[in-house]
Amino acid sequence: MESPLPSRRTVPGAQAVARAAALLRLVSASADGASLQTLSRDAGLSRSTAHRLLTALRVEGLVDQDEDTARWMPGPELYLMGTVAAARYDITELSHDIVRSLAVKTEESAFLSTRRADETVCLVREEGSFPIRSFVLSEGVRFPLGVASAGLAVLAFLPDHDVDAYLQRHPELESRWGTAHGDEPLRRRLRETRARGYSVNPGLIVEGSWGMAAAVFDRQGRPEWALSITGVGFRFAPDRLPLLGRTLLSHAHQLSSRVATARH
C-alpha cells in the first residue's frame, strides 16, 4: 500500500515549487503562449513574483519566451521530460484509434482526457465530420473534476468518500463555474451519471456547447481517464442522447479492456 503524500505545509520549499508548477501548467495549456499578465492573474501571483519564477524556469529550459510577442511558451527541457514520462504514463498510443473511431461514428469532436489530481487534462483530440464544432476542449486544456463532461464522468465513479473530500476541498466551484456547480446540483448530476453510465454537460461551460463522456478504468477498476465528445446543442437532442451514450460506453469499455491487457 502506498504511503500518503505529505502535505505541502510539511515540506520545506513546497510553496515555491507549487507556484512554479502552477505556472508550468498554465504555460503548457496555452497553445499560442501566454502573457505575463495572464499568467500572474491565473496563478494568483503578483507580476513580479510570476516574472521571477518564469525567469528561473527559463534558465532551466522549462519555459521559453517569444522575442517578438514576449509570450511565454513551454521550453525544450519540458518536452524532453515529457517524452521520458510518457513511457510510464502515456495512454495515447493505446487510445488513438479508439478516439478516432468515436469521432467517425458520432461525427462529433472526440477526446481522451486523463485525471491529474483534482483535474482532468485533455490528451488527444480528433475532429468529427460535422462542420459545426465546439472548441471548448483541446490538448492540454484542464478542468476541475465535475465541471467538463470528462471530469464529471471520472468523479461520478470515484468512491463516495473521495467525492465528499473533493467537494470539501473545492467550495469555489459554484462561485467560479456557476450555480449549476453548487454542491446539490453537482451531486445530482453525479447520481444521474452513475445511473446512465455516462455524463452529460448541457452547455454549462459555454452556452450551446454540449459534452458527453464515459469513464475509462485502470486495472484496479479506478476511473483514471475519460472518453468524451463535444458539439453544438442541437446535435444532442433527447432522441439521440441514448445512441451517443451507448457509443461512448462501448468505446470506453474497449479502451479499459486494452489498458487491462497492456504490458507495462
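**Reading the interior**

Tutor: Let us begin with H181, which lies in the loop between α8 (173–177) and α9 (183–196); helices here are DSSP runs of H or I with at least four residues, strands are runs of E with at least two, and both are numbered from the N terminus. The model is predicted, so local features need pLDDT of at least 70 and side-chain atom pairs count only at pLDDT 80 or more, while totals for chains, interfaces and linings use all residues. Residues are numbered from 1 along each chain as its sequence is written, and side-chain values use heavy atoms, leaving out hydrogens and water.

Student: Is H181 buried or exposed?

Tutor: Buried means under 20% relative accessible area, exposed over 50%, and partly exposed in between (1.4 Å probe, protein chains only). H181 counts as buried because its relative accessibility is 3%. Leaving aside residues up to four places away in sequence, H181 touches G146, V147, L173, E174, L186, R189 and L204, where contact means heavy atoms within 4.5 Å.

Student: Which residues touch the most other members of the largest nonpolar core?

Tutor: In soluble globular proteins, nonpolar side chains tend to be buried together. A nonpolar core is a set of buried Ala, Val, Leu, Ile, Met, Phe, Trp, Tyr and Cys residues joined through side-chain atoms within 4.5 Å. Here the largest has 23 residues, and L112, M212, L227, I229, L248 and L255 touch the most other members. Its largest share, six residues, comes from α10. A second, separate core of 18 residues includes F143, L145, A150 and L186.
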